[in-house]
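The following exercises concern the structure shown below.

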Amino acid sequence: MIKYRLEITKGEPVRYISHLDFAALMQRAICRAHLPAAYSEGFNPHMKIAFASALSVGITSTCEYMDLELKKDMCQPEVFDKLRKALPPGVKLLQVKQIDLRSKALMSIVDEASYEITLPIYDDASKLQNTLDEFNKMSEIVIVRETPKKRKEIEIKQYLPKKITFSTEKNNLKLNMNIKITSTGTAKPNEILEVLNDKFTANLPIEQALICRTGLYSKGKSLIDND
């Protein structure tokens with residue numbers, strides 16, 4: 001048995017597929033690559049793969065992480081080459097790293113994510129800076145999160161360890177934010193955008209927002225370096 005940690009992307013062609021469909025996509029690619037994947041035992045065996053954090057539909061990523069167990073030893077270059085060739089458009093394999101079979105599950109160690117949100121420039125940038133300054137100074141902001149089954153109040157500033165910043169690039173505006181991932185909950189990038197519009201009158205064209213996850217971390221280190 002051998003265990004590898006994969007760093008992969010989820011690009012524009014696959015941004016609208018669900019997390020479960022993305023997991024199935026990866027399983028099919030592993031089969032096409034003829035990698036000797038390990039399976040669980042029991043009545044309904046499943047491939048031993050595990051992700052760090054589910055990505056919401058419509059969000060792309062430059063850094064998703066997945067652990068894969070193989071029942072036979074294979075060298076890292078061979079795993080990388082075979083799987084890279086088997087992946088569909090929109091998914092790229094960036095790194096493959098062997099890790100200890102006893103390594104903690106990705107979901108149990110991930111504690112922070114970074115995002116870059118691209119929007120068309122719509123207004124005077126100085127106004128947005130004033131809005132972000134006001135938002136960043138707030139110690140507490142409560143939103144209401146609604147699901148088909150319940151309505152719940154969430155205090156979102158507890159999940160923002162750093163100030164939200166922005167920059168401009170050609171005709172685009174880029175917002176950068178880090179969001180904590182905890183055992184009791186997290187915030188969503190689109191919720192932050194809605195707060196900026198609804199409570200701080202940012203007037204962001206959020207219907208045109210392109211959200212990309214740019215990092216997943218554990219204690220400040222990239223997950224590829226946490227094993």
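**Exercise 1: A loop residue**

Thr184 is found in the loop between β9 and β10 (185-186), where strands (E, at least two residues) and helices (H or I, at least four) are DSSP runs numbered from the N terminus. The model is predicted: local features need pLDDT of at least 70, side-chain atom pairs count only at pLDDT 80 or more, and totals for chains, interfaces and linings use all residues. Residues are numbered from 1 along each chain as its sequence is written, and side-chain values use heavy atoms, with hydrogens and water left out.

Task: Determine whether Thr184 counts as buried or exposed, and state which side chain it joins in a polar contact.

Solution. 
- Step 1. Apply the classes: buried means under 20% relative accessible area, exposed over 50%, and partly exposed in between (1.4 Å probe, protein chains only).
- Step 2. Thr184 has 68% relative accessibility, and therefore counts as exposed.
- Step 3. The side chain of Thr184 is joined to that of Thr182 by a polar contact of 3.2 Å. A polar contact is a pair of N or O atoms within 3.5 Å; within protein, one must be able to donate a hydrogen and the other to accept it, and residues adjacent in sequence count only if both atoms are side-chain atoms.
- Step 4. From C-alpha to C-alpha, Thr184 lies 32 Å from Leu173, although the two are eleven residues apart in sequence.

**Exercise 2: A residue within a strand**

Task: Describe where Thr118 is placed and which residues it touches.

Solution. 
- Step 1. Thr118 belongs to strand β5.
- Step 2. The relative accessible area of Thr118 is 14%, so this residue is buried.
- Step 3. Leaving aside residues up to four places away in sequence, Thr118 touches Asn172, Leu173, Lys174, Gln208, Ala209 and Leu210; contact means heavy atoms within 4.5 Å.
- Step 4. With Lys174 there is a polar contact between the side chains, at 3.1 Å.

**Exercise 3: An enclosed helix**

Task: Explain why helix α5 (residues 189-198) is described as largely enclosed by the rest of the structure.

Solution. 
- Step 1. The buried residues of α5 are Pro189, Glu191, Ile192, Leu193, Val195, Leu196 and Asn197.
- Step 2. Because seven of its ten residues are buried, α5 is largely enclosed by the rest of the structure.
- Step 3. The cover over these buried residues includes β5 (112-120), α4 (125-137), β6 (142-146), β9 (172-182) and β11 (210-218).

**Exercise 4: Charged pairs**

Task: Identify the salt-bridge partner of Glu191, and then examine the pair formed by Arg151 and Glu146.

Solution. 
- Step 1. Side chains of opposite charge can pair when their charged atoms come close. The rule for a salt bridge is a side-chain nitrogen of Lys or Arg within 4 Å of a carboxyl oxygen of Asp or Glu.
- Step 2. Glu191 meets Arg145 in a salt bridge of 2.8 Å, N to O. This pair links distant parts of the chain, since Arg145 is in strand β6 and Glu191 in helix α5, 46 residues apart.
- Step 3. Glu191 has a relative accessible area of 8% and is therefore buried.
- Step 4. Arg151 and Glu146 form a salt bridge of 3.4 Å, N to O. Arg151 is exposed at 62%, and Glu146 is exposed at 58%.
- Step 5. By this rule, the count comes to ten salt bridges. Asp81, Arg84 and Lys85 are linked in a network of such bridges.
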